[in-house]
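This briefing takes up strand pairing, helix packing and domain contact in a predicted model. Please read the points below alongside the coordinates.

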Amino acid sequence: MVDSVDELDKIEEEVGKHPDVIQVRLQTASGYAAFDLSLKFGATKDEAVRLLQDVARRGYIPAISFHVGSQCRTPEAYSKAIADAGEVMRLAGVPLRYLNVGGGFPAHYRGTQIAPLDVFFKTIKDAVAKLDLPPGCDVLCEPGRALVVEGCTLLVQVHLRKGSSLYINDGIYGSLSELNISKLTPPVRLIRKGGAPMSREFAPFRIFGPTCDSLDVMPEPFVLPDDVTDGDWIEIAQVGAYSNALASNFNGFYTDTVVEIGDAVDPEGPNRLVTSRDT
């Protein structure tokens, strides 16, 4: 994948004249996603036309890719990018092997209004149908967050309550770094040991992580029962994407235990310890 002729030169120098597929990454419009991925990568339409022609001239198989940004909230972002890709394809005049519409498919977080994934897929299908794709040109996508976000839940403990502030044993240097960057707020619920009763009144709490850094604080409050106290646990859902994969061991804090929750009919049992501090 390239977005500049310099990168194409490097690929040719490294792999030679093999008839490999090289995708030209197209820049997309900003403002549709939590993370704008075209600030760093992507060729303009004019640049992409020239790059596709250069890819074909050097004997490689041309393709187009783009990424509308992670946690894209607007299906129309895909239709606009696909239309731009169609324009580039037409002007370049070279047969494409792939049209890669990337990822960015969104997940549901607290306070967000997201269309069902079927709406995104239909928007993509309708936009692709308007293109005159050559025979043998496959349409690819690279879903990440939408596939895995529900696959992991983070369980943290309240180590200290000071008024409306809670200090927990994970934070922005651990499994919650994306929340700090994206301003996304996951669903949360309080868990009290032994199932002891808790207040039915809720209140917003500022959440601090365990490190010495004052930056280790969530940008949005967690709304929890107003009697939350030291020793309580908080279940943070929707953290299957960009959580423990981004975690560091800063200040000596790290994820203590990972447990896989399986099917009750699994012969090895429904739950399996994956890692712990003792293993």
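In strand 3, the residue that bridges to Gln23 is Ala63, while the bridge partner of Leu26 in that strand is Phe66.

- Four strands make up an open sheet whose order is 1-3-5-6, and the pairing is parallel.
- The edges of this sheet are strand 1 (21-26) and strand 6 (138-140), each of which pairs on one side only, and from one strand to the next the twist averages 25 degrees.
- Strand 3 is also joined to strand 5 by two bridges, again with the two strands running parallel; the partner of Ile64 in strand 5 is Leu99.
- Five of the six residues of strand 3 are buried, that is, under 20% relative accessible area, so strand 3 is largely enclosed by the rest of the structure.

- Helix 3 (residues 76-92) lies across strand 1, strand 3 and strand 5 (98-100), and it runs at about 155 degrees to strand 3.

**Domains and their contact**

- The protein is divided into domain 1, covering 5-146, and domain 2, covering 150-255, and the C-alpha centres of domain 1 and domain 2 lie 36 Å apart.
- Eight residues from domain 1 and eleven residues from domain 2 take part in the contact.
- The size of an interface is often expressed as the accessible area lost when the parts come together.
- Between them, domain 1 and domain 2 bury about 940 Å², of which 59% is on carbon and sulfur atoms.
- On the side of domain 1, the residues that lose the most area to domain 2 are Tyr109, Arg110 and Arg145, which together account for 64% of what that side buries.

**Database annotation**

- An unreviewed UniProt entry places the feature "domain: Orn/DAP/Arg decarboxylase 2 C-terminal" at residues 150-240.
- In the predicted model, the end C-alpha atoms of residues 150-240 lie 6 Å apart, and this span is 7% helix and 35% strand.

Methods: Residues numbered from 1 in each chain as written. Predicted model: local features only at pLDDT ≥ 70, side-chain atom pairs only at ≥ 80, totals over all residues. Heavy atoms only, no water. UniProt positions renumbered as here; feature names shortened; annotations may be inferred. Pairing = 2+ DSSP bridges. Axes fitted to C-alpha atoms, helices over the stretch in contact; angles between N-to-C directions. Contact = heavy atoms within 4.5 Å. Buried < 20%, exposed > 50% of the residue type's maximum accessible area, 1.4 Å probe, protein only. Domains from an automatic or database assignment. Buried area = accessible area lost by both parts, 1.4 Å probe.
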